[in-house]
Amino acid sequence: MKKSAPILAAIAALSTSMAPAQGLVPTIDSGYEFCQDRPPEPEWMQNLHVRESYKRLLVQSIYRLESYERVADAGDCTCSTLFPPWTSAVQNFNDNYLHLEQFEAMQTRREFQDQGTAIRRSVQDLCESEGNW
């Protein structure tokens with residue numbers, strides 16, 4: 001029994017030191033740090049078959065670029081400017097990109113991402129100054 005006491009003490013010490021740090025464990029909480037009332041993605045985007053998920057990614061990229069452009073044009077970063085309804089991005093997709101095959105859609109998505117990256121820094125600075133980044 002005396003031999004097992006040091007082993008048990010070592011196990012107890014290791015188990016507490018190996019416990020995850022508070023706040024570092026990911027959660028499923030979908031709350032945002034700012035702009036809590038963001039419009040949800042359209043339901044059809046969330047329900048796409050995995051083989052059509054490229055469509056969702058493209059619409060998200062269109063939405064992000066349009067949002068950045070709206071903030072840059074308005075010169076303000078209110079939540080309604082940064083996170084408008086999805087209607088414009090979805091309409092843009094339906095009018096111009098719905099017919100694309102996956103490879104073409106992903107190339108187009110990359111173009112939208114590049115355009116967004118080009119204006120992101122100025123938009124981010126503005127939004128950070130207003131507490132919305």
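**Cys35 and its loop**

I started with Cys35, which is buried, at a relative accessible area of 8%. My cut-offs: buried is under 20% relative accessible area, exposed is over 50%, and partly exposed is in between, with a 1.4 Å probe and protein chains only. Cys35 sits in the loop between α1 (4-17) and α2 (43-46). I looked up its backbone too: phi of Cys35 is near 50 degrees, a positive value in a residue other than glycine. Most residues other than glycine have a negative phi.

**Ground rules**

I am working on a predicted model, where local features need pLDDT of at least 70, side-chain atom pairs count only at pLDDT 80 or more, and totals for chains, interfaces and linings use all residues. Numbering runs from 1 along each chain as its sequence is written, and side-chain values use heavy atoms, with hydrogens and water left out.

**Whole chain**

I counted six helices and zero strands in the protein chain. Helices here are DSSP runs (H or I, at least four residues), strands are E runs of at least two, and both are numbered from the N terminus. Of the 133 residues in the chain, 29% are buried. I then checked contacts (heavy atoms within 4.5 Å). Among those with a separation of 6 or more, 70% come from residues 24 or more positions apart. The chain exposes about 9,400 Å², and carbon and sulfur atoms supply 55% of that. I took the areas from the Shrake-Rupley method with a 1.4 Å probe; for residues, only the protein chains shown count as cover.

**Asn132**

Next I went to the segment after α6 (102-129), where Asn132 lies. Asn132 counts as buried because its relative accessibility is 11%. Leaving out residues up to four places away in sequence, I find Asn132 touching Phe34, Cys35, Cys77, Thr78, Cys79, Leu82 and Cys127. A polar atom of the Asn132 side chain lies 2.7 Å from the backbone oxygen of Cys77.

**Ser61**

Which residues does Ser61 touch, not counting residues up to four places away in sequence? I get Arg109, Phe112 and Gln113. Ser61 is in helix α3, and it counts as buried because its relative accessibility is 4%. Its side chain makes a polar contact of 3.4 Å with that of Arg109. For me a polar contact is a pair of N or O atoms within 3.5 Å; within protein, one must be able to donate a hydrogen and the other to accept it, and residues adjacent in sequence count only if both atoms are side-chain atoms. Ser61 and Phe112 are 51 residues apart in sequence, yet 5.9 Å apart C-alpha to C-alpha.

**Leu98**

I found Leu98 in the loop between α5 (87-96) and α6. Leu98 is partly exposed, with a relative accessible area of 43%. From Leu98 to Leu58 I read 9.8 Å, C-alpha to C-alpha, across 40 residues of sequence.

**Largest pocket**

Last, the largest pocket, which holds about 350 Å³ of space. On a 1 Å grid over the protein atoms alone, a pocket is an open set of points where a 1.4 Å probe fits, with protein on both sides within 12 Å along at least five of seven lines; lining residues have an atom within 4 Å of a point. I list 16 lining residues, with Arg38, Tyr63, Arg64, Leu82 and Phe83 nearest the centre. Helix α3 (residues 53-74) gives the most to this lining, with five residues.

How values were computed. Grid points are joined across faces, edges and corners, and a volume is the space filled by probe spheres set on the points.
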